[in-house]
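Have the 3D view ready as you read.

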Amino acid sequence: MNYNIVKTILLFASTLTVMSGAIVAPALPSMASYFSEQSVSDLLVRLIITMPALMIAFFSPSFGKLIDQYGRKTPLIAGLILYAIAGTSGFYLDNIYYLLFSRIVLGIAVAAVMNSVTTLIGDYFEGEERSAFMGYQAAFMAMGGMVFVSFGGAVADLDWRLTFLMYGFSILLILPAAVYLKDINKEKKESKAYNNQNPEIEVDKLSVYAIYIMGFLGMAFFYFIPVQIPFYLKSINIEGSVYGGIAIGVTTFFAGLASLSFSRLKRKLSFQAIIGISYLVMAMGCIIISSSASFTILLVGLCTYGLGAGLIMPGANLWLMSIVPAQSRGKFVGGLTAAFFTGQFVSPIIASPIINASSIGGLFLDSSILMVAISLFWFSGLYKKIIPS
C-alpha cells in the first residue's frame, strides 16, 4: 500500500469542504446583480454560501452512523461523485431556487466526504502520526481556502458561472480513491478475533459533549473573520475589497501554520491545555482587532487570532479520536462535524445582536471576554470537577 498516495487523496479530499463555500464567495456580487433582474432578494443569493453548511450540520450525524455500519470508502466515493454533479450544476442553472436545491445536495455530498475522510484518518494512523496528519489536514484546508478564494475571485471576474466548474475537481479524486483507499476498519470488523479482542467500550459522554461545544464555539468565532472583517474595515475607513481579501488570507495562513505545529505541541501538552491556549491566543487577537486604528495593527490582531484558531480543529478531532472506540468512530466524528458546521452557519446570527447593540469592534471585544473565560476553565483545572477525562 502506497501511503503517500493515500495521504495525498485524504488531504485533497479534505479541501472539498472549504471549497463548498469559498469558491463562489467572490462571485456573490455578480450573482446578486444577475438575479436582481428576476426580482430575487439578496438573502436568497447569500443562502448560496450558507446552505451547504446547514446541510452538512444536519446530515453529518446520519452519515457518521452509516459509515460505521457500511464502511468509509463507499460513502466517500458516492460523495465525490455527487459533489461534482451538484457543484457544477450552478454553471447552467438559471433559476435561483433550482440553484439553492443544488446547494442542498452539495451539502449532503460534503457531509459524506468530510465524515468519511476524517474517520479514515483515524483508521489509518495512530499516535504521533495521527496527530501530525490531523495538523496537516487542518493546514491543507486553511491554505486551500486561501487559494480557492483567490482563484475563485479571478474566475468570477470573467463570468460568475465559471466558478461553479471548479467543483469538478472532485472528479480527479474518484478513481484514486477507488483504487488506493482501503476500508481498514471494515476489514478488521469482519475478523472474529478482532471483535473478541476489541469489545465496544463505554464512552465518556461528558468529554464528547465538551469537545462538541469547543468545536462549535471555535468555528462560530473563526467565521467572524470572513463574515465581519470586510464590514469592519469599512467602519474604520479602510476602503477597497483587496484589503478584505488580504485580511482573510492572512488569518487563514496563520491558522494553517498553527495547525502544522499541532503535533509538536501535543508531545508536551494535554488536549485540555492546547484548547485553553487556543482560546487565550484568540482572545488576544480579538483585543488587538477591536482596538485597531490602522490596517497594520489589524493584521497583527488577525495573525494572532489565526494562530489560536488553527489549533481548534486538529485539537478537537484528535481528542475525540482518543476517547471513542474504532467501531463507532464514524458516529462521533459525524457529531463533531455537525458541531463545526452548525457553528459556521450560526456565526452571523450570533454576531448580529451584539453588533446592533454596540459595533463590530464591540463584537470582538465582548468575544474576547468569553474566550478568556473558556481558557481559564481549562487552565484552572475546573473542568476536572465536571469532565473526568
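## Ground rules

Angles under 35 degrees count as roughly parallel, over 145 as roughly antiparallel, 65 to 115 as roughly perpendicular and the rest as oblique. Axes are lines fitted to C-alpha atoms, for helices over the stretch in contact, and angles run from 0 to 180 degrees between N-to-C directions. Helices are DSSP runs (H or I, at least four residues), numbered from the N terminus.

This is a predicted model, in which local features need pLDDT of at least 70 and side-chain atom pairs count only at pLDDT 80 or more, while totals for chains, interfaces and linings use all residues. Residues are numbered from 1 along each chain as its sequence is written, and side-chain values use heavy atoms, with hydrogens and water left out.

## α4 against α5

Helix α4 (residues 73–88) and helix α5 (residues 96–124) cross at roughly 150 degrees, and their axes come within 8 Å. The two are therefore roughly antiparallel to each other. α4 passes α5 in a left-handed crossing (the near helix is turned anticlockwise from the far one by less than a right angle; clockwise would be right-handed).

Contact here means heavy atoms within 4.5 Å. On the α4 side, the residues that meet α5 include Leu76, Leu80 and Tyr83; among their partners in α5 are Val105, Leu106 and Val113. By class, this contact of α4 with α5 has 14 nonpolar, 4 polar and no charged residues (Ala, Val, Leu, Ile, Met, Phe, Trp, Tyr, Cys and Pro count as nonpolar, Asp, Glu, Lys and Arg as charged, and the others, Gly among them, as polar).

## α6 against α17

Helix α6 (residues 127–158) packs on helix α17 (residues 312–323) at about 145 degrees, with axes 9 Å apart. The contact includes Arg130, Met134 and Met141 of α6, along with Met313, Asn317 and Met321 of α17. Its residues divide into 7 nonpolar, 4 polar and 1 charged. The crossing of α6 past α17 is right-handed.

Phe224, Ile225, Ile229, Tyr232 and Leu233 in α12 meet Phe295, Leu298, Leu302 and Tyr305 in α16. This contact of α12 with α16 has 9 nonpolar, no polar and no charged residues.

Leaving aside neighbours within four places in sequence, Ile229 is in contact with Phe224, Ala247, Ile289, Leu298, Leu302 and Phe364.
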